[in-house]
Amino acid sequence: QLIEGMKLAERHIRGEIDLPLRYVEVPDSVNVKAIRQRSGLSQTEFARRYGISPRSLQEWEQGRRQPEGAVRAYLLVIDRNPQAVDSALHQSH
């Protein structure tokens, strides 16, 4: 399956085929504090583990600001599949 997928990607890059697109609806807001609390981490630990500014995290949790769209999507992935995020961020090269 991986080899077939790579062959399709190569053909797509060369412009030989079009691949189906998937669109994602990112919610306008997320409950950052609830996501962090479900993780069982303190603000400092959560920020450090996921590369987020501690100040931004505090402002999001206190409702003074909302994270941008890509960050909201990132937070949803952290909430729904933290193992995938950990694996991606801590993978040795």
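**Notebook: helix packing and salt bridges**

I looked up the contact of α3 with α4 and found that Q43, F46 and A47 of α3 meet P54, L57, Q58 and E61 of α4. Sorted by class, this contact holds four nonpolar, two polar and one charged residues. I note that the model is a predicted one.

**Entry: geometry of α3 and α4.** I took the axes of the pair next. They come within 9 Å and cross at roughly 125°. That angle makes α3 oblique to α4. I recorded the handedness of the crossing of α3 and α4 as right-handed.

**Entry: α2 against α4.** I then turned to helix α2 (residues 32–39) and helix α4 (residues 54–61), which pack at an angle of about 115° with axes 8 Å apart. On the α2 side I listed V32, K33 and R36, and on the α4 side L57, W60 and E61. The residues of this contact divide into three nonpolar, no polar and three charged.

Entry: Just after α2, I found G40 with a positive phi of about 80°.

**Entry: salt bridges.** I searched the whole structure and counted eight salt bridges. I inspected several of them in turn.

I examined R36 with E61, a salt bridge whose closest N and O atoms are 2.4 Å apart. This pair links distant parts of the chain, since R36 belongs to helix α2 and E61 to helix α4, 25 residues apart. I found both R36 and E61 to be buried.

I examined R49 with D86, where the closest N and O atoms of the salt bridge are 3.4 Å apart. R49 lies in helix α3 and D86 in helix α6 (residues 82–89), so the pair ties together parts that are 37 residues apart in sequence. R49 counts as partly exposed because its relative accessibility is 37%.

I noted also that salt bridges with shared partners join E10, R11, R14 and E16 into one network. Within that network, I looked up R14 with E16, a salt bridge with its closest N and O atoms 2.8 Å apart. R14 is partly exposed at 48% relative accessibility, and E16 is partly exposed with a relative accessible area of 45%.

Conventions: Residues numbered from 1 in each chain as written. Predicted model: local features only at pLDDT ≥ 70, side-chain atom pairs only at ≥ 80, totals over all residues. Heavy atoms only, no water. Axes fitted to C-alpha atoms, helices over the stretch in contact; angles between N-to-C directions. Helix = DSSP H or I, 4+ residues; strand = E, 2+ residues; numbered from the N terminus. Contact = heavy atoms within 4.5 Å. Nonpolar A, V, L, I, M, F, W, Y, C, P; charged D, E, K, R; others polar. Parallel < 35°, antiparallel > 145°, perpendicular 65-115°, else oblique. Left-handed = near helix turned anticlockwise from the far one by under 90°. Salt bridge = Lys/Arg side-chain N within 4 Å of Asp/Glu carboxyl O. Buried < 20%, exposed > 50% of the residue type's maximum accessible area, 1.4 Å probe, protein only.
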